[in-house]
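Hi,

Here is the model I promised to pass on.

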Amino acid sequence: MPIQPGDRIPEAVLQYIDDGVRKINAAELFAHRRMVLFAVPGAFTPTCSQRHLPGYVEHFDAFKQRGIEVACMAVNDPFVMQAWGKDQHVPTGLRLLADGNGDFTRALGMTFDASGYGMGIRSKRFALYADDGIVRGLWVEAPGELRVSAADAVLARLSA
C-alpha cells in the first residue's frame with residue numbers, strides 16, 4: 001500500500017554526490033525539517049528534463065522563502081543524478097537523491113514497471129510534503145501526466 005498523509009517517512013538509504021558518494025537514511029533526512037520530495041521516473045527523460053525538474057529550479061526560491069527544503073529523487077545512480085543536476089543548472093540546496101536499487105521507492109509503495117520501455121522498475125511521478133518526517137501531503141500523477149506534482153501546483157497547495 002502506498003504511503004499516505006499521516007504516515008512516517010520510512011527508513012531506506014539514498015545516495016548523493018558531495019565530495020564523493022554519500023549515503024543518507026531517508027528518515028533522518030526528513031527529520032526536524034519541512035521538505036518537499038518530488039520523484040521522477042528517470043533523469044534525462046523528456047518530461048522530467050523539460051518540465052518537472054525545471055519547474056522546481058524556477059520556483060526553488062519560493063519554497064526556500066517558506067522555509068521548505070526541496071529534493072528530487074529518481075531510481076538512478078548518484079553519478080547520473082549529479083550529471084543531470086549540472087545539465088539542468090540545479091541550484092545549490094536543491095538535493096538530487098539517487099535511489100539506485102529502488103529501495104526507498106518500494107518502501108513508499110511508489111514503484112511502477114517501465115520494463116516495456118527498457119527502463120526496469122522506476123518511481124511513479126509524485127511529490128510529497130513532510131514536516132518532521134510525517135507526510136502531510138501526497139500528490140501522485142496519473143501515467144503520462146505532470147499536473148499535481150508540478151512545482152507550481154505543490155506551491156499553491158502549501159500556500160493555501
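How many residues does helix 2 have, and how far does helix 2 reach from its first C-alpha to its last? Helix 2 (residues 46-58) has 13 residues and reaches 17 Å, close to the 18 Å expected at 1.5 Å a residue; the expected span is 1.5 Å times one less than the number of residues. Helices (H or I, at least four residues) and strands (E, at least two) are DSSP runs, numbered from the N terminus.

Before the rest, two housekeeping points. This is a predicted model, where local features need pLDDT of at least 70 and side-chain atom pairs count only at pLDDT 80 or more, while totals for chains, interfaces and linings use all residues. Residues are numbered from 1 along each chain as its sequence is written, and side-chain values use heavy atoms, with hydrogens and water left out.

Now the overall picture. The chain has six helices and nine strands. Its radius of gyration (taken over C-alpha atoms) is 14 Å, close to the 15 Å that the globule rule gives for 160 residues, so the chain is as compact as a globular protein of that length. That rule is 2.2 Å times the number of residues to the power 0.38. Buried residues (under 20% relative accessible area, 1.4 Å probe, protein chains only) make up 48% of the 160 residues.

On to the core. The largest nonpolar core has 27 residues, and Phe 38, Tyr 56, Phe 63, Cys 72, Met 81, Trp 84 and Leu 94 touch the most other members. Such a core is a set of buried Ala, Val, Leu, Ile, Met, Phe, Trp, Tyr and Cys residues joined through side-chain atoms within 4.5 Å. Among the elements that each supply at least two residues of this core are helix 2, strand 4, helix 4 and strand 5. Apart from it lies another core, of 22 residues, including Ile 3 and Met 110. Leaving aside neighbours within four places in sequence, Leu 94 is in contact (heavy atoms within 4.5 Å) with Leu 53, Tyr 56, Val 57, Phe 60, Val 70 and Cys 72.

Strand 4 (residues 69-74) and strand 5 (residues 95-98) run parallel, joined by four bridges; strands pair if DSSP finds at least two bridges between them. Ala 71 stands opposite Arg 95 there. With helix 4 (residues 78-87), these strands make a right-handed β-α-β unit: with the strands pointing away from the viewer, the path from the first strand over the helix to the second runs clockwise.

Finally, Gly 85 lies in helix 4 and is buried, with a relative accessible area of 8%.

Cheers

Technical notes
Buried < 20%, exposed > 50% of the residue type's maximum accessible area, 1.4 Å probe, protein only.
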